[in-house]
Amino acid sequence: MTGLKSEFLQILTEREFIHQATDLEALDAKMYEGPIAAYIGFDCTARSLHVGSLVQIMMLRWLQKTGHKPIALMGGGTSKIGDPSGRDESRQLMTDEIIADNMAGIRKPFDHMLTFGDGPSDAMMVNNGEWLDSLKYISFLRDIGTHFTINRMLTFDSVKLRLDREQPLTFLEFNYMILQAYDFMELGKRYGCVLQLGGSDQWGNIVNGIELARRVNSQQLFGVTTPLITTADGKKMGKTASGAIWLNEDHLPAYDFWQFWRNTQDADVGKFLRLFTELPMDEVRRLEKLEGAEINEAKIILANEVTALVRGLDAAKAAEATAKETFEKGGAGADLPTVTIASATLEAGINIVDLFVDAGLGASKGEVRRLIKQGGAKLNDEKVDGEEMTVTAAMLLDGQIKLSAGKKRHALVKAG
């Protein structure tokens, strides 16, 4: 859409964040008039978010940088149910203690990427358990449930896809969209929040909240969603053979996080620079035009920019230094992922396949065996000849063993 006046929506449009929006023209006018509050919800299903959530956090960051107030809503209440959107089966129910622990872990990247405080554009982190946990069931059904019809709820993708696949959808999960709609209305009442941002799978939930607030409070709310972020080969962003790309350091070392971005496919460089960095668009356009070996310059810049945003500048510098030492000098960078094996185990000897799995360089023994057969497994920069190889303490060089899976994934083994 052209002719947008608000800086926030101009940026989101130019950087290709927007997939769907409700009354974008009216939202643009409201944001142009002055600061607004907007939110994104994050359920506490793990102790760290992964890069699939990064595009959402980037929207909150741009919101704050353009003078508006971001609200990061933690699903302390809704996590007790679990969002059925995009899932074929029910989530495992979690205790209050697990949810609280997950919430504490999820906070970490937000502290890097947003400024929290009491100012007009300072970010807030809110727990929807504050209002959901105290709801009285009968009163809630009477006051809120009457605004939802089963007919309409069955048309939303989060429900329809599950039923089309003949997968069970519990009554507990069926309530999720009502609770999320209630969240939006509640944030509107408590904090003057008028905009919900989210992924494309949240469109139905967002529309429900907008309609609920209009019916109950005659309040006008808005919604904007992002497209599903996929790589050039059609895979979902952040899903790799070795597992999810976590945002937290204690889930994924900074070097591995940096390396994920460094290994971006050529065709995805421009898109990722737009969505996951704050580089000026002129620079983005210059970098995405690079070809051949020169595209590696853009990938290193991408890796540095994203790692600095999520993990901090020091982490980005250390990861790049490790990469240079590992690849350009053939060494074993100090910041490489490290696994400690009991000294007694190394003295007795450990099978090479088991060691690669323990080091996180293979999701399964079968994967490691295929890697060895294809000649992609190395120990101390020497090719591993067979899967029967036994690794012992005698192979330690300067107190460590360097393992390599292909040219881009490495780990260190130390005795402990």
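Phe257, Phe260, Trp261, Phe272 and Phe276 form one aromatic cluster in the predicted model. Rings of Phe, Tyr and Trp (for Trp, its six-membered ring) are taken to pair if their centres lie within 6.5 Å; planes under 30 degrees apart count as stacked, over 60 as edge-to-face and the rest as tilted. Because the model is predicted, local features need pLDDT of at least 70 and side-chain atom pairs count only at pLDDT 80 or more, whereas totals for chains, interfaces and linings use all residues. Residues are numbered from 1 along each chain as its sequence is written, and side-chain values use heavy atoms, with hydrogens and water left out.

Across the whole structure, 8 aromatic pairs are found. One of these joins phenylalanine 272 to phenylalanine 276 in an edge-to-face arrangement, with 5.6 Å centre to centre and 70 degrees between the planes. Both residues belong to helix α13 (residues 269-276), where they are 4 residues apart, about one turn of the helix. Helices (H or I, at least four residues) and strands (E, at least two) are DSSP runs, numbered from the N terminus. Phenylalanine 272 is buried, at a relative accessible area of 2%, and phenylalanine 276 is likewise buried, at 1%. Here buried denotes under 20% relative accessible area, exposed over 50%, and partly exposed the range in between (1.4 Å probe, protein chains only).

Arginine 107 lies over the face of phenylalanine 116, at 4.2 Å from the ring centre.

An open sheet of 5 strands has the order β9-β15-β14-β11-β12, with mixed pairing. β9 (338-341) and β12 (382-383) stand at its edges with a single partner strand each, so one side of each lacks a neighbour in the sheet. Strands are considered paired if DSSP finds at least two bridges between them. β9 and β15 (residues 409-415) run parallel and are joined by 4 bridges. Within this pairing, isoleucine 341 stands opposite alanine 415, and threonine 340 has lysine 414 as its bridge partner. Val339 and Ile341 make up the covered face of β9, Thr338 and Thr340 the uncovered one.

With a disulfide defined as a pair of cysteine sulfur atoms within 2.5 Å, the count is 0. The sulfur of cysteine 44 is 18 Å from the closest cysteine sulfur, that of cysteine 193, and is therefore too far for a bond. Cysteine 44 is buried, with a relative accessible area of 0%, and cysteine 193 also counts as buried, at 0%.

Key
Lys NZ or Arg CZ within 6 Å of the ring centre and 35° of its normal.
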